[in-house]
Amino acid sequence: MELAIIVLLVVFFGLLLLNVPISFCIGLATLATMLLSIDFMPAVTTMAQRMAGGINSFALLAIPFFILSGLIMGRGGIARRLIECAMALIGMLPGGLALVNVVSCMFFGAISGSAVAATSAIGSFMLPEMKKQGYDVNYSAAVTASAATTGMLIPPSNILIVYAIASGGVSIAALFVAGYLPGILLGMALMLVCAGYAKLKGYPVGARLPLKLVVPKVAAALPSLFMIFLVIGGIISGVFTATEAGAIAVVYSLILAVGIYREVKPNELPAVLMKAAETTAIVMALIATSSAMSWILSYEQIPQVISAAMLTLSENPLLILLMINLILLLVGAFMDMTPAVLIFTPIFLPVAVELGMSPLHFGIMMVLNLSIGLVSPPVGSVLFVSCAIAKTRIEAIIRPLLPLYLAMFAVLMLVTYVPAISEFLPKLFGLY
């Protein structure tokens with residue numbers, strides 16, 4: 001087993017250092033590990049079977065639907081309306097533009113289910129405006145990147161669907177509802193940092209708008225925000241499943257972007273469909289290869305050995321959970337969220353359950369933890385997008401990111417050690 005772990009890690013990280021796409025790193029490392037104990041043809045056959053089985057799930061159909069609806073929303077003028085709504089409501093507070101940035105990212109992340117899409121859509125509007133108002137460009141990029149991660153928790157979230165599959169049966173509806181309080185808490189923590197930073201730096205405060213101007217801006221954003229209530233309300237009430245909710249989200253986003261706002265032309269839809277297909281293919285390749293890796297880990301009994309080792313290190317559940325969080329923070333800095341969830345859920349979930357943590361609670365903790373990895377160098381995808389929009393370097397935004405990192409870590413610790421933050425709403429609605 002020790003040799004299997006060594007081969008898996010050496011091949012995976014060796015290929016990663018050579019800039020090989022991560023799905024190929026995972027697949028080739030898995031195959032190399034299989035060949036230690038299985039002949040070539042059976043190993044290749046098993047690999048193919050596990051990859052096909054990994055994506056043979058009805059629940060996974062929700063992912064391409066939510067990806068497509070997010071792309072349509074991203075092109076449909078949604079971001080601008082959400083920003084104007086947030087500006088009208090909170091633009092007059094200290095650090096108003098930074099607060100608007102955070103709230104807009106929360107809204108758009110919840111609608112699109114993608115941190116990268118939120119960074120791109122909101123950052124393209126907010127970063128030039130913040131620069132115009134005297135905000136430091138590196139700080140603005142840091143705020144956008146960190147705020148975009150809230151969309152990983154506030155539903156609909158594709159990564160919560162992936163965790164539901166990896167955990168072996170946690171309700172997607174329960175996970176969706178469970179993500180609200182942690183996601184809002186994360187957004188509020190970031191807003192507190194932004195307000196304090198604005199006071200310290202003396203950033204300008206926006207003018208308070210009269211009610212007659214606030215109402216139309218809020219009203220213009222309501223059709224976009226209604227999609228959140230449509231999707232989640234339908235799932236909670238049992239009218240439709242998460243997969244059906246994804247299809248409804250696509251129909252609603254088409255009606256909104258093409259029919260009502262008319263900012264997406266029918267001849268632009270083929271390009272949107274192609275982008276959705278491309279993104280879906282990348283995600284499914286990651287899920288397929290990660291499923292195969294999860295199988296070989298189980299075959300070599302690696303999760304059981306790690307679980308036993310961790311439980312013998314300490315009898316203090318608080319310390320073990322802290323260790324798991326620190327490991328996941330390190331993993332998130334080097335690995336995309338989807339393979340990280342699929343690979344490390346079977347390893348750490350049994351340990352968490354042994355400590356008395358529910359699979360629902362662990363899932364929210366894990367997704368929040370790995371969301372921090374999206375803004376952590378060297379692999380943080382959201383960090384790269386934010387830097388590209390702001391036309392700055394990653395090393396330049398690390399310093400303004402530090403207080404935002406601390407806020408995110410503080411929320412992670414609260415979510416880890418206070419189960420009610422994740423479990424209150426699902427229990428209230430009878431979903432868990």
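# Reading a predicted model, helix by helix

Me: Where is Asn-325 placed?

Reply: Asn-325 sits in helix α16 (residues 317-334). Helices here are DSSP runs of H or I with at least four residues, strands are runs of E with at least two, and both are numbered from the N terminus. Before we go on, this is a predicted model, where local features need pLDDT of at least 70, side-chain atom pairs count only at pLDDT 80 or more, and totals for chains, interfaces and linings use all residues. Residues are numbered from 1 along each chain as its sequence is written, and side-chain values use heavy atoms, with hydrogens and water left out.

Me: Is Asn-325 buried or exposed?

Reply: Buried means under 20% relative accessible area, exposed means over 50%, and partly exposed is in between (1.4 Å probe, protein chains only). Asn-325 has 0% relative accessibility, so it counts as buried.

Me: And what does Asn-325 touch?

Reply: A contact means heavy atoms within 4.5 Å. Not counting residues up to four places away in sequence, Asn-325 touches Met-365, Asn-369, Leu-412, Met-413 and Thr-416.

Me: Which residues does Asn-158 contact, leaving aside its neighbours within four places in sequence?

Reply: Those are Ile-63, Phe-66, Ile-67 and Gly-113. Asn-158 belongs to helix α9 (residues 158-167) and is buried, at 14% relative accessible area.

Me: How do I read the length of a helix, say α20?

Reply: The expected span is 1.5 Å times one less than the number of residues. Helix α20 (residues 394-417) has 24 residues and should span 34 Å; its end C-alpha atoms are 32 Å apart, which agrees.

Me: Where is the kink in α20 centred?

Reply: A bend at a residue is the angle between axes fitted to the seven residues ending there and the seven starting there. In α20 the kink is about 50° and is centred on Pro-400.

Me: What about α7, where does that one bend?

Reply: Look at Gly-123, where α7 bends by about 45°. Helix α7 (residues 115-132) has 18 residues and reaches 25 Å from its first C-alpha to its last, close to the 26 Å expected. Gly-123 is also among the buried residues of α7, which include Ala-115, Ile-122 and Met-130. The cover over those buried residues includes α5 (78-90), α6 (96-112), α8 (137-148) and α19 (381-390).

Me: How many aromatic pairs are there?

Reply: Rings of Phe, Tyr and Trp (its six-membered ring) pair if their centres lie within 6.5 Å; planes under 30 degrees apart count as stacked, over 60 as edge-to-face, and the rest as tilted. By this rule there are seven aromatic pairs. One of them is Tyr-139 with Tyr-197, stacked at 4.2 Å centre to centre with 10° between the planes. That pair links distant parts of the chain, with Tyr-139 in helix α8 and Tyr-197 in helix α11 (residues 180-201), 58 residues apart. Both tyrosines, Tyr-139 and Tyr-197, are buried.

Me: Why does the pair of Trp-295 and Tyr-299 count as stacked?

Reply: Their ring centres are 5.0 Å apart and their planes are at 20°, so the pair is stacked. Trp-295 and Tyr-299 are four residues apart in helix α14 (residues 269-299), about one helical turn. Tyr-299 is partly exposed, at 42% relative accessibility.

Me: What is the volume of the largest pocket?

Reply: On a 1 Å grid over the protein atoms alone, a pocket is an open set of points with protein on both sides within 12 Å along at least five of seven lines, whereas a cavity is a set where a 1.4 Å probe fits but cannot get out; lining residues have an atom within 4 Å of a point. Points are joined across faces, edges and corners, and the volume is the space filled by probe spheres set on them. The largest pocket comes to about 1100 Å³. It has 36 lining residues, and the closest to its centre are Ser-114, Val-116, Thr-279, Val-283 and Asp-336. Helix α14 gives the most to this lining, with eight residues.

Me: Which peptide bond is cis?

Reply: Most residues other than glycine have a negative phi, and most peptide bonds are trans. Here the bond from Pro-155 to Pro-156 is cis, with omega near 0°, and Pro-156 is in the loop between α8 and α9. For a positive phi, look at Asn-19, near 65°, in the loop between α1 (2-17) and α2.
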